[in-house]
Structure formats: structure tokens, C-alpha cells
Amino acid sequence: AHSAHIQRVACADLILDTQPFTMHTTAVDALAAGVPFLAFCGETVASRVSSSLLHTAGLGDCVCENAEDYVRRMVALARNEPERMRLRKRFQEARTESPLFDSRSFARYFETAYDVAYARWLDGEAPADITVERVLPGGST
């Protein structure tokens, strides 16, 4: 069962990302389990997925600048249990505070984007990028 899988993933102290193909589903599973990982962006879509997920989860500071920074920070985390535990706490908090696991809000944003696209089409406007701002509690974006 998926819940048993997430419980197994949660046993890890730290997950190692890879290049040139970064974690995809595994990154989502790590975030769902609250297990810390670092990433760095490559040049292709497949090499940027885990970085994108970290940014979406509000953990953009876990995206390293390059491979050397990634290795340096990963080794430092592996050697520093208190820092790893602080990072794990942040990853666990991201499960409830991040839009990544908020399916209802995502559906609302997606529906709004469809409404905007449809309205543009009805008005005879050309297709264009659509941005739907995330509204946080208190009304900020």
C-alpha cells in the first residue's frame, strides 16, 4: 500500500538526488514522508524536477547552485545530525503548509485558469500564458 511505502521512506535520514535525471515521484514521496533532500538544477526538464518541487514546497534554499555545492552540502548534512533534524522538521512542516499537497486549491487554480482561457477565447483573444496567483491566508499572494 502507498501508506506503507511512505512509512518506509520516512525511515531514511537523508535522500540523495541524482543527475542528469532527478527524482520525480521519489521526490514527492520524500516530501510526503518529511525526509530531507537537496537538489541542483540541470539543463533539461528531467534534471530540474526535484528542484521545482523543492521550490513549490517552500524549500528553495535546499536547491544547490551546482554539483560541487550539492556534494559539499550533502556531506555536511550527513555529518550533522542536529542540522538534519532541523531540516527534517522543515520538510515535515512543508507537507501541511505547501501548495504541493493541497489538491483542492490546485483544482481551484486550475479551474480558474480554464475560466480565464475560455473567456479569452470567447473574446477572440489569442492564446497567452495564464498566471493564477496563490492567495495565502490573510489575503497576500
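Analyst: The accessible surface of the protein chain comes to about 9200 Å², and carbon and sulfur atoms hold 56% of that area. Such areas come from the Shrake-Rupley method with a 1.4 Å probe. This is a predicted model, in which local features need pLDDT of at least 70 and side-chain atom pairs count only at pLDDT 80 or more, while totals for chains, interfaces and linings use all residues. Residues are numbered from 1 along each chain as its sequence is written, and side-chain values use heavy atoms, with hydrogens and water left out.

User: What makes Ser 105 count as buried?

Analyst: Buried means under 20% relative accessible area, exposed over 50%, and partly exposed in between (1.4 Å probe, protein chains only). Ser 105 has 10% relative accessibility and therefore counts as buried. Its place is in helix 6 (residues 103-122); helices are DSSP runs of H or I with at least four residues, and strands are runs of E with at least two, numbered from the N terminus. Of the 141 residues of the protein chain, 30% count as buried.

User: Why is Glu 43 called exposed?

Analyst: Glu 43 has a relative accessible area of 79% and is therefore exposed. Glu 43 lies in the loop between strand 1 (39-40) and helix 3 (49-56).

User: What joins the side chains of Ser 105 and Asp 102?

Analyst: A polar contact of 2.6 Å joins these side chains. The term requires a pair of N or O atoms within 3.5 Å; within protein, one must be able to donate a hydrogen and the other to accept it, and residues adjacent in sequence count only if both atoms are side-chain atoms.

User: Why is helix 2 described as roughly perpendicular to helix 5?

Analyst: Helix 2 (residues 25-33) and helix 5 (residues 81-97) pack at an angle of about 100 degrees, their axes being 7 Å apart. That angle makes helix 2 roughly perpendicular to helix 5, as the term covers 65 to 115 degrees. Axes are lines fitted to C-alpha atoms, for helices over the stretch in contact, and angles run from 0 to 180 degrees between N-to-C directions. Leu 31, Ala 32 and Ala 33 of helix 2 meet Arg 88, Phe 91 and Arg 95 of helix 5, contact meaning heavy atoms within 4.5 Å.

User: How do you know that helix 1 and helix 2 are roughly perpendicular?

Analyst: Helix 1 (residues 2-9) packs against helix 2 at an angle of about 80 degrees, with the axes 9 Å apart. The two helices are therefore roughly perpendicular to each other.

Technical notes. Angles under 35 degrees count as roughly parallel, over 145 as roughly antiparallel, 65 to 115 as roughly perpendicular and the rest as oblique.
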